[in-house]
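Please look at the structure below.

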Amino acid sequence: MRVADLPLAPEYVDHFEQEGIEELYPPQTAAVDAGVCDGGNVVAAIPTASGKTFVAELALLTADGPGLYVCPLRALAREKFEEFDRLPGVDAGISTGDYDSAASDLAGKDVVVATSEKVDSAIRNGADWVGDLACVVVDEVHLLGAEGRGPTLEVTLATLRREAPAVQIVALSATVDNPEDIADWLDAELVESTWRPVDLRIGVHADDTVRFDDDTEASVPVDTADPATNADTEVTAELVRGAVADGGQALAFVNSRREAEALADRLADERLTAVADAAAADTAAGDDVGERSDDTAADDTDATADAATVAEELREAGGTETGERLAESAARGVAFHHAGLSSDHRALVERAFRERRLAVICATPTLAAGVNVPARRVVVRDQQRYAGSGYEWLPVLEVHQMCGRAGRPHLDPYGEAVLVAAGEGERTELWDRYVTADAEAVESKLRDPAALRTHTLALVATGFAGSQAEVLDAFAGTFYASRTPNPDLGGDVGDAIASLVDDGLLAPAADDDAGIEATPLGEQVSRQYVTPDTGVRIVASLRTVEAMPPEKVTELTAFEVICDTPDMVDTYLGNAERAEIYQFARRRSAELTTDMTHADDFEGWLESVKTARILAEWVDGASVDELVETYRIGPGDLESRIERAEWLLGAADALADVVGVSFPALSSARSKL
Ligand code: ADP
């Protein structure tokens with residue numbers, strides 16, 4: 001099927017042809033056949049790089065009104081927004097600051113790109129653009145199975161469909177075990193395909209040999225005898241070296257930030273020439289990327305210069321110590337990537353890799369979700385991750401998503417993903433667990449009591465439900481209900497309502513025996529987009545603040561109040577630091593709302609004090625580097641805490657208004673963040 005044959009205006013056909021899209025990929029043709037251009041609901045479960053964005057664009061462009069693109073990851077949202085905004089005559093908007101309230105200027109946009117939390121928040125705050133939608137595209141719909149955000153996504157979609165029954169839903173999924181269940185729920189046609197634009201083979205390395213799933217083998221001998229080196233790392237280094245020497249780029253996945261940095265350091269020692277070799281190999285192969293000079297001698301210099309410019313850009317984007325280490329490594333063609341990096345650094349690394357100015361990224365699994373960074377070869381060194389009490393196997397879906405990054409369309413003849421095993425026994429284990437196995441089925445997490453409390457409160461506060469029966473009606477449209485033969489949520493929803501009444505967030509309706517309504521506090525908790533538990537915690541702290549001498553109520557108090565809530569992320573407290581934070585808490589105890597001798601969860605509270613202290617020093621002018629150095633957090637961790645603090649201080653301020661507590665330090669702290 002050709003783009004020119006689709007029901008699209010000529011300017012769109014031209015636009016796509018300029019982007020190199022003339023003939024549809026097979027899964028795209030299947031999506032058209034399933035009705036994506038005719039307003040039909042479609043679920044497409046197809047691999048990475050098989051052209052999901054184009055499917056989304058077809059739905060959005062042929063819909064009879066404004067469209068919404070729901071995207072779980074902010075880095076990815078930006079990419080999509082820019083892509084949609086380039087479409088001729090399309091005015092796109094973006095709303096991804098996960099937690100702030102609805103921006104009214106989104107009304108009138110042709111396409112809005114937003115996270116599911118942002119859409120949920122917009123609905124709770126009565127944003128009118130939501131009611132006008134003709135088409136909703138949900139990317140990464142398999143995240144329905146994720147705790148926390150999964151329930152938000154399913155309740156939001158159920159609400160959208162209830163409020164606008166004619167809305168077209170197009171859901172894009174990774175290849176999971178039960179896409180038909182998602183299609184059933186959404187009354188959608190299912191398009192399921194394993195077609196990829198570049199062939200992918202997956203294999204396991206053990207005992208000097210990679211055995212692939214296409215029955216081929218490759219000999220990759222590695223000297224692992226030296227007890228001073230880690231055998232898996234040496235194998236990874238060899239696999240990466242091979243891919244780069246062959247003119248490709250490589251992604252290596254490990255299980256922690258420290259390991260990502262250590263591996264980058266290990267590889268950087270030899271990468272510089274490898275980048276140059278890669279450039280030379282491209283030219284020799286007559287690669288038509290168009291950016292490289294034909295002069296092989298000049299290519300060595302080009303590649304070195306490329307890596308040097310990446311290092312320069314990284315330094316310009318923030319002169320932290322982590323940034324400096326990253327820049328030094330990037331200057332030699334290798335970067336590391338993990339959640340501790342600032343978002344600017346992460347974005348720069350991703351872009352430089354796509355532009356082939358870096359040969360290798362050593363990453364934690366977060367890189368595998370969503371963002372477009374294809375490589376010739378993917379090496380999965382670690383298949384287990386530390387999870388609190390011990391090591392756990394990574395989910396199959398996660399490993400498949402890492403592997404799916406292999407193979408760059410138009411550049412690589414094929415993609416290769418290799419899992420590193422310690423020996424033949426582990427080869428068999430990895431083979432069964434990841435190579436031949438299907439990804440897990442997507443299962444709803446709505447029944448989680450915290451999720452039910454959050455969404456029950458939201459349904460009542462927004463006026464979508466005014467009784468237990470109406471809450472149950474609203475939940476009848478969820479993925480949970482469609483997956484459960486007798487979804488009897490009555491007991492659980494009854495418990496959720498009773499606990500919300502106890503907490504003062506809901507109350508029996510004045511004029512109706514069976515009715516419930518949100519109290520002013522409950523309404524504000526829902527609008528501010530904090531969880532009921534956080535709302536209750538903040539209110540309890542506000543009561544303490546009320547009784548404190550006003551001169552003791554400081555910005556540190558404000559930070560402690562918001563940090564000691566479930567909506568703030570914890571900050572790891574090492575043993576060495578514990579005594580120091582304890583002393584700090586004692587010294588400043590008059591400013592803190594929690595009496596340390598009575599803290600329910602003393603360790604958790606101490607972590608909150610650490611986060612509060614970091615934030616208080618930040619507003620007092622400490623630099624990122626000082627904080628990173630003193631508290632051993634990454635610049636990215638600081639960034640995410642500042643962002644959450646801004647949201648939670650605003651929420652606490654609104655709640656203080658409702659309960660009538662004067663607490664000016666909340667807004668003064670917020671204005672300095
Ligand atoms: P994903 O399925 O991972 O979201 P994308 O939509 O980002 O994949 O597409 C991957 C790449 O393939 C993009 O560069 C896109 O321009 C290109 N592409 C998509 N469809 C076609 C097509 N029919 N013909 C040629 N290139 C295409």
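## Helix 22 against helix 23

Glu577, Arg578, Glu580, Ile581, Tyr582, Phe584, Ala585 and Arg587 of helix 22 touch Phe602, Glu603, Trp605, Leu606, Val609, Lys610 and Arg613 of helix 23. Contact means heavy atoms within 4.5 Å. By class, these residues are 8 nonpolar, no polar and 7 charged. Ala, Val, Leu, Ile, Met, Phe, Trp, Tyr, Cys and Pro count as nonpolar, Asp, Glu, Lys and Arg as charged, and the others, Gly among them, as polar.

## Basis of the model

This is a predicted model: local features need pLDDT of at least 70, side-chain atom pairs count only at pLDDT 80 or more, and totals for chains, interfaces and linings use all residues. Residues are numbered from 1 along each chain as its sequence is written, and side-chain values use heavy atoms, without hydrogens and water.

## Helix 15 against helix 19

The axes of helix 15 (residues 449-461) and helix 19 (residues 520-527) come within 9 Å and cross at roughly 110°. Helix 15 is thus roughly perpendicular to helix 19. Leu457, Ala458 and Ala461 of helix 15 meet Gly522, Glu523, Val525 and Ser526 of helix 19. This contact has 4 nonpolar, 2 polar and 1 charged residues.

## Around the ligand

Of the 13 residues around the ligand, Glu23, Gln28, Ala49, Lys52 and Thr53 come nearest (a heavy atom within 4 Å). A backbone N or O atom of Glu23 is 2.8 Å from a ligand nitrogen atom. A polar side-chain atom of Thr53 lies 2.8 Å from a ligand oxygen atom.

Key: Axes fitted to C-alpha atoms, helices over the stretch in contact; angles between N-to-C directions. Helix = DSSP H or I, 4+ residues; strand = E, 2+ residues; numbered from the N terminus. Parallel < 35°, antiparallel > 145°, perpendicular 65-115°, else oblique. Polar contact = N/O pair within 3.5 Å; in protein donor to acceptor, adjacent residues only side chain to side chain.
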